[in-house]
Amino acid sequence: MTVDARTTAEAEVLDVVRRLITETIGEEYLLDLEIGMDTSFEDDLEMESIEFVKFGAKLTEHYGGDVDFAGFLADKDLDEIIEMRVGTVVEYVLSVRN
């Protein structure tokens, strides 16, 4: 994959992830927060565990069974999940789609 193709694919996945997060937690909770690769699920978005589960289900529904978000999380320890950033999810989706 060329650098341009990678950048385009990353932007497309980030747009989807951003939309799914917004659907999950509601636009009213985002206020003026711009969701980017460095946005933290814990500190910035303050997502509850049930919202994280809903987001994972939406992610799998959108991309199909290759994106096993629950399985992805199962390989992480608690600190990795707490410190997870949107970019981590984008990178995961890109890795299973290629």
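Q: What makes Phe72 count as buried?
A: This is a predicted model, and in it Phe72 has a relative accessible area of 11%. Buried means under 20%, so Phe72 is buried.

Q: How do you know whether Phe69 is buried or exposed?
A: By the same cut-off, under 20%. Phe69 has a relative accessible area of 2%, so Phe69 is buried.

Q: How many aromatic pairs are there?
A: The count comes to six.

Q: Why is the pair of Phe55 and Phe69 called edge-to-face?
A: Two values decide. The ring centres are 5.6 Å apart, and rings pair if their centres lie within 6.5 Å. The planes stand at 85°, and over 60 degrees counts as edge-to-face. The pair is therefore edge-to-face.

Q: What does the pair of Phe55 and Phe69 tie together?
A: Phe55 lies in helix α3 and Phe69 in helix α4 (residues 69-74), so the pair ties together parts 14 residues apart in sequence. Phe55 is buried, as is Phe69.

Q: What makes the pair of Phe69 and Phe72 tilted?
A: Their planes are 35° apart. Stacked needs under 30 degrees and edge-to-face over 60; the rest are tilted. The centres are 6.0 Å apart, against the limit of 6.5 Å. Both residues lie in helix α4, three residues apart, about one turn of the helix. An α-helix has 3.6 residues a turn, so residues three or four places apart point the same way.

Q: Which residues form the aromatic cluster?
A: Phe41, Phe52, Phe55, Phe69, Phe72 and Tyr92 form one cluster.

Q: How do you know that Glu51 has no salt bridge?
A: The nearest side chain of opposite charge is Lys54, 6.9 Å away. A salt bridge needs a distance within 4 Å. Glu51 is buried yet has none.

Q: Where does Glu51 lie, and which residues is Glu51 in contact with beyond four places in sequence?
A: Glu51 lies in helix α3 (residues 49-63). Leaving aside neighbours within four places, Glu51 is in contact with Thr24, Ile25 and Glu46. Thr24 and Ile25 are among the buried residues of α1.

Q: What does the buried side of the count in α1 pack against?
A: The buried residues of α1 pack against α2 (27-30), α3 and α6 (86-97).

Q: How do you know what span to expect for helix α1?
A: Helix α1 (residues 3-25) has 23 residues, and 33 Å is expected at 1.5 Å a residue. From first C-alpha to last, α1 reaches 32 Å, close to that value. Gly26 follows α1, with a positive phi near 90°.

Technical notes:
Residues are numbered from 1 along each chain as its sequence is written. This is a predicted model: local features need pLDDT of at least 70, side-chain atom pairs count only at pLDDT 80 or more; totals for chains, interfaces and linings use all residues. Side-chain values use heavy atoms; hydrogens and water are left out. Helices (H or I, at least four residues) and strands (E, at least two) are DSSP runs, numbered from the N terminus. Buried means under 20% relative accessible area, exposed over 50%, partly exposed in between (1.4 Å probe, protein chains only). Lys and Arg count as positive and Asp and Glu as negative; His and the chain ends are not counted. Contact means heavy atoms within 4.5 Å. The expected span of a helix is 1.5 Å times one less than its number of residues.
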